[in-house]
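Dear colleague,

Please find below the structure I promised to hand over. My notes on it follow.

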Amino acid sequence: MGEVAQGGRKQAAFTLTNSGTETVELTRIETSCGCLSVDVPLRVAPGQKVAGQVTLDLRDEPQFTGDLGIEICGWNDLGEKALFIVAGINMLR
């Protein structure tokens, strides 16, 4: 996500590619920080590229400074981890 102002809000787009041979269907997406939300299609066919978006909102944490690595995990209906992304963020003062 690059640089974000202290106490700021930022959105970033990304592309997700299913390089496997089976359709991936996500039933749950979680992040390691409630300050990051994710919008991505829950069904991705083999070879398909889809657009996703993340939104970082640090307005509730105005004193935070430093670098963040927020994990994004998605699970399928069998409870298996089918998606893992780390969003890197550099906080500006």
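How many helices and how many strands are there in the chain? In this predicted model, the chain holds nine strands and zero helices. Its pattern along the sequence accordingly reads β-β-β-β-β-β-β-β-β.

Four of these strands make up an open sheet, and their order in it is β1-β9-β8-β4. The pairing within this sheet is mixed. Its edges are formed by β1, covering residues 2–5, and β4, covering residues 28–31, each of which pairs on one side only. On average, neighbouring strands of the sheet are turned by 30° against each other when direction is ignored.

As a general point, strands of a sheet pair through backbone hydrogen bonds, either parallel or antiparallel.

For the chain as a whole, the following values were computed. Along the principal axes, the C-alpha atoms fill a box of roughly 45 × 25 × 15 Å. The chain has 93 residues, of which 29% count as buried. Among contacts with a separation of 6 or more, 62% come from residues 24 or more positions apart.

The chain exposes about 5,800 Å², and 45% of this area is supplied by carbon and sulfur atoms. As to charge, there are 8 positive and 12 negative side chains; the centres of the two sets lie 5 Å apart.

With kind regards

Methods: Residues are numbered from 1 along each chain as its sequence is written. This is a predicted model: local features need pLDDT of at least 70, side-chain atom pairs count only at pLDDT 80 or more; totals for chains, interfaces and linings use all residues. Side-chain values use heavy atoms; hydrogens and water are left out. Two strands pair if DSSP finds at least two bridges between them. Helices (H or I, at least four residues) and strands (E, at least two) are DSSP runs, numbered from the N terminus. Axes are lines fitted to C-alpha atoms, for helices over the stretch in contact, and angles run from 0 to 180 degrees between N-to-C directions. Buried means under 20% relative accessible area, exposed over 50%, partly exposed in between (1.4 Å probe, protein chains only). Contact means heavy atoms within 4.5 Å. Accessible areas come from the Shrake-Rupley method with a 1.4 Å probe; for residues, only the protein chains shown count as cover. Lys and Arg count as positive and Asp and Glu as negative; His and the chain ends are not counted. The place of a charge is taken as NZ of Lys, CZ of Arg, CG of Asp or CD of Glu.
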